[in-house]
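Reader: I would like to go through this structure with you. Could you take my questions one by one?
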Amino acid sequence: MAPEFLPVPTVRPGDRIAVVSPSFAAPGVAPAVHEQAMRRLEEVFGLVPIEYPTTRQVGASARDRAADLNAAFADPSIRAVLSTIGGEDQITVVPHLDAALVRADPKPFIGYSDNTNILNWLWGNGIAGFYGGSTQVQLGPGPGLDPCHEASLRAALLTGERLQIADPGESEDIGKDWADPAALTEFGDRELTEPWTWAGPTRSVTGRTWGGCIEVLQWILTAGRFPPDPAVLAGGVLLLETSEELIAAREFGWILRSLGERGLLAAVGAVVVARPPTSSFEVVRSSAERAAHRAEQRDVAVDIIGRYHPEAVVCVGVPFGHTRPQWVLPHGGTMTVDGARQEIWADYR
C-alpha cells in the first residue's frame, strides 16, 4: 500500500525558511550567487531565509548535513526547507534522518537532482515535497527569476494553487560560470524549445507523483529504499529527468528498461519526461548535436515506456529538471496529464 500522506501547510509571508546543503555546499564556493538568492527570497517572496552550519561548509560529513535537516524539520518556527543545490552523495545522508520529526510537523521541502533521495524518503513517510528549485541555480543567478519558476515556487510555498504547466518557449542547458560577475546579471545562452511529444492513449490521468533524476532513482532502488511492491504507484504519475552528467540516450534507456522490469512503468498511469540538458562547461555541442541528443532520448523514452505499458499517457520535453527555465512540480502531490487535450496541470496542495 502507498503511504498515507499527511497535509503539508503553506507558508506565510514573514515566515522563516531553512536553506540547507544536504549534498554539495555550493554557497561555500560561490557566495555572491548564494547571497543574491537569499535577498530574492526576502524581496520576491517575503520570506526569511535561515542558514544552517553546513549550508556553506564544503566537505561537511553526512551526519552533520543530516543534523541540519533534522534541526530544520524539528524547529516549529521553520516553515519550509529549501536545498541550495544537488550533488552526488545525499544517499549517505538519508540513514541519519529522523522520520518522527517530519511526520510531527510536515513542511514543504524543495529540491531536485540529488535531492531525489530526500524526496523519496519523505514520500515513503507520507510527506509530499516539490521537485525543482535550487537557490544556487534558479534563484541566485541571472537578472531575476524566470516567470514559470517564480509562479510554481510561489505555489509550492505560499499559495498552494493549481497551475497549468506550459512551455516557456526558451531554454538553456547551463548558466554563466559562478566565478564570472556576469552570473549575477545575465542568463546563459538560450535557444527556442521544440514542442513537447505526446504518446499513448488520448485519455486523462490524475494521480500522485513520484520520481526525479533517473540516475539517482537507480541508486535508490539499488539501495533498497523503495517499497518492493510497485503497486504503491498504481495510477500515479512518474516524473523522470536526467542530470548534468549528460548520460547517453542508450544509458537512459537501460535504466528505464530496468524500471519496466521492476514493474514501475506498468503501475503508473502517466509518465512525464523532462527536457534533458545536452551541454556543460566541459562538453560543448552544436545546436544540431544538442537537438539530436534530445530527439534520441525522446525516442528511447517513448519506445520503452510503450513496450512496458502501452496504455500509459506519455509527455516528453517538460522543463522540470536540469534545464532553465524550470518548473517546480509536486512530488507526492497530484498532477493531471491529459493526453486528449495535451495539457498538464499541477496541484500544489
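Reader: Which strand holds Ser171?
Author: Ser171 is found in strand β7, residues 170-171; strands (E, at least two residues) and helices (H or I, at least four) are DSSP runs numbered from the N terminus. This is a predicted model, in which local features need pLDDT of at least 70, side-chain atom pairs count only at pLDDT 80 or more, and totals for chains, interfaces and linings use all residues. Residues are numbered from 1 along each chain as its sequence is written, and side-chain values use heavy atoms, with hydrogens and water left out.
Reader: Is Ser171 buried or exposed?
Author: Ser171 counts as buried because its relative accessibility is 3%; buried means under 20% relative accessible area, exposed over 50%, and partly exposed in between, with a 1.4 Å probe and protein chains only.
Reader: Which side chain does Ser171 join in a polar contact?
Author: That of Arg275, at 3.0 Å. A polar contact is a pair of N or O atoms within 3.5 Å; within protein, one must be able to donate a hydrogen and the other to accept it, and residues adjacent in sequence count only if both atoms are side-chain atoms.
Reader: And what else is Ser171 in contact with?
Author: Leaving aside neighbours within four places in sequence, the contacts of Ser171 (heavy atoms within 4.5 Å) include Asp189, Arg190, Glu191, Thr193, Thr323, Arg324 and Pro325.
Reader: Changing topic: how many cavities of 30 Å³ or more are there?
Author: The count comes to 2. On a 1 Å grid over the protein atoms alone, a cavity is a set of points where a 1.4 Å probe fits but cannot get out, and lining residues have an atom within 4 Å of a point. Points are joined across faces, edges and corners, and a volume is the space filled by probe spheres set on them.
Reader: What lines the largest cavity?
Author: Its lining residues are Leu82, Ser83, Ile110, Gly133, Ser134, Thr135, Leu139, His149 and Leu153. Two or more residues each come from β3 (78-83), α5 (135-139) and α6 (147-159). The largest cavity holds about 40 Å³ of space.
Reader: And what volume has the second largest cavity?
Author: About 30 Å³. β10 (204-213) gives the largest share of its lining, 3 residues, and the lining as a whole includes Trp210, Leu233 and Val268.

How values were computed. 1 Å grid on protein atoms, 1.4 Å probe; cavity = no way out; pocket = protein on both sides within 12 Å on 5 of 7 lines; lining within 4 Å.
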